[in-house]
Amino acid sequence: MEEDLNVTYITFGGHVEVHKYRYLYFIVVLIVYILIICSNSTIVYLIWKHRDLHEPMYIFIAALLLNSVFHSTNIYPKLLIDFLSEQQIISYQACLVQFYMFYTLSDSEFFLLAAMSYDRYVSICKPLQYPTIMTKRRVSVILALSWLVPACEFVVLVTLITNQKLCSFTLKVIFCNNSIYKLFCVSSRAVILYGVFVVLNVVVLPVLFILFTYTRILIICYHSSGEVRRKAAQTCLPHLMVLINYFYLISFDFITARLQTDFQKTAHVVMTLQLVVYNPLFNPIIYGLKMKEIYKHNWLLSYL
């Protein structure tokens, strides 16, 4: 920790030989960040530009990809600065902001995936009622809640954390995540209980809802024609791939932060980075290639 005008600094101790490979790390991460911004923004632009893609399913996809851009921007610029710095530090206040944005946007992804599963459920199981259920107003409300609910809940959590006394000033990670709890002198019961409430509300409940909707879809498809099954597979498979991957990675993040066991540093960095690399980088590929309408416009755009 360093003191400067009463500012508390936290040291990131999770970097692996950063002084030796700083320029290699910088180039690789910069390329990944540029790819994330360009690929996600391209799909969002295609959906915004073409009126035939102004449907709930594609609007939710655009929101999910835009969320990935915000999520990456919360992490990558600071990482790039750290690679070129002699000391990998961050002020405690900035760390709390990064922590807040990281989990707000992470959990917004679960809400958006739940919204997408609900859209597919209504489309496949109640096709005649789809236009009256998935109205523009309802889509707007769902999108707003997907960002506002996690944002509001994590404001309370960060407020509780702010009052905690620090006894450690080194995080064994490369950005501010759940490991921040290990800085505190004493574990607060209020923080623990509220943290459990937040996880249940913004992670477990959306995942259970998604599993319920896809179970209903599978039941309907089992008794339907081959055309319905093909449509369901084409639109639902990408969502399931993203959900399974993201739930696995976010679970790893929560578990490792709570365990007292120290993981091998390189393995921990690799697993941590997967959370901010896999989905932001591969979501545009999954949706761009699997969704026929998006792929069609993307294919035409390459010839413009």
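Okay, a definition to start: helices (H or I, at least four residues) and strands (E, at least two) are DSSP runs, numbered from the N terminus. With that in hand, take Glu17, which sits in the loop between strand S2 (7-12) and H1. Its phi is near 45°, a positive value in a residue other than glycine. Glu17 is partly exposed, at 46% relative accessibility; buried means under 20% relative accessible area, exposed means over 50%, and partly exposed is in between, using a 1.4 Å probe and protein chains only.

Before I go on, some ground rules. This is a predicted model, where local features need pLDDT of at least 70 and side-chain atom pairs count only at pLDDT 80 or more, while totals for chains, interfaces and linings use all residues. Residues are numbered from 1 along each chain as its sequence is written, and side-chain values use heavy atoms, with hydrogens and water left out.

Now the overall picture. The protein has nine helices and four strands. Reading from the N terminus, the order is β-β-α-α-β-α-α-α-β-α-α-α-α. There are 304 residues, and 49% of them are buried. The accessible surface is about 15,500 Å², with 68% of that belonging to carbon and sulfur atoms. Those areas come from the Shrake-Rupley method with a 1.4 Å probe, and for residues only the protein chains shown count as cover.

How about contacts? A contact means heavy atoms within 4.5 Å. Taking the contacts with a separation of 6 or more, 82% are between residues 24 or more positions apart.

Next, the record. UniProt, in an unreviewed entry, places the feature "transmembrane region" at residues 23-48, 57-77, 97-118, 139-161, 191-215, 236-255 and 267-289. Those positions are in the numbering used here, feature names are shortened, and annotations may be inferred rather than shown by experiment. What does the model show over two of those spans? Residues 23-48 are 100% helix and 0% strand, with the end C-alpha atoms 37 Å apart. Residues 236-255 are also 100% helix and 0% strand, and there the end C-alpha atoms lie 28 Å apart.

Let's go to helix H1, residues 18-49, where we find Tyr21. Together with Leu24 and Val28, Tyr21 makes a nonpolar surface patch of about 260 Å². For the rule: patches take residues with over 30% relative accessible area and no salt bridge, joining like charges within 9 Å and nonpolar side chains (Val, Leu, Ile, Met, Phe, Trp, Tyr) within 5 Å.

That brings up salt bridges. The term covers a side-chain nitrogen of Lys or Arg within 4 Å of a carboxyl oxygen of Asp or Glu, and the structure holds three. One pairs Glu86 with Arg22, with the closest N and O atoms 3.9 Å apart. This pair links distant parts of the chain, 64 residues apart: Glu86 is in the loop between helix H2 (56-83) and strand S3 (89-91), and Arg22 is in helix H1. Glu86 is exposed, at 62% relative accessible area, whereas Arg22 is buried, at 8%.

Another pairs Lys78 with Asp82, and there the closest N and O atoms are 2.9 Å apart. Both residues lie in helix H2, four residues apart, about one turn of the helix. Lys78 and Asp82 are both buried. Then there is Arg120 with Asp119, at 2.7 Å from N to O. Both of those are buried too.

Thr104 is buried, at 6% relative accessibility. Which residues does Thr104 touch, not counting residues up to four places away in sequence? Trp147, Pro150, Ala151 and Phe154. A polar atom of the Thr104 side chain also lies 2.7 Å from the backbone oxygen of Tyr100.

Tyr118 is in helix H3 as well, and Tyr118 is partly exposed, at 23% relative accessible area. Leaving aside neighbours within four places in sequence, Tyr118 is in contact with Ile133, Met134, Arg138 and Phe209. And have a look at Phe212 on your screens: Tyr118 and Phe212 are 94 residues apart in sequence, and their C-alpha atoms are 9.6 Å apart in space.

Key. A polar contact is a pair of N or O atoms within 3.5 Å; within protein, one must be able to donate a hydrogen and the other to accept it, and residues adjacent in sequence count only if both atoms are side-chain atoms.
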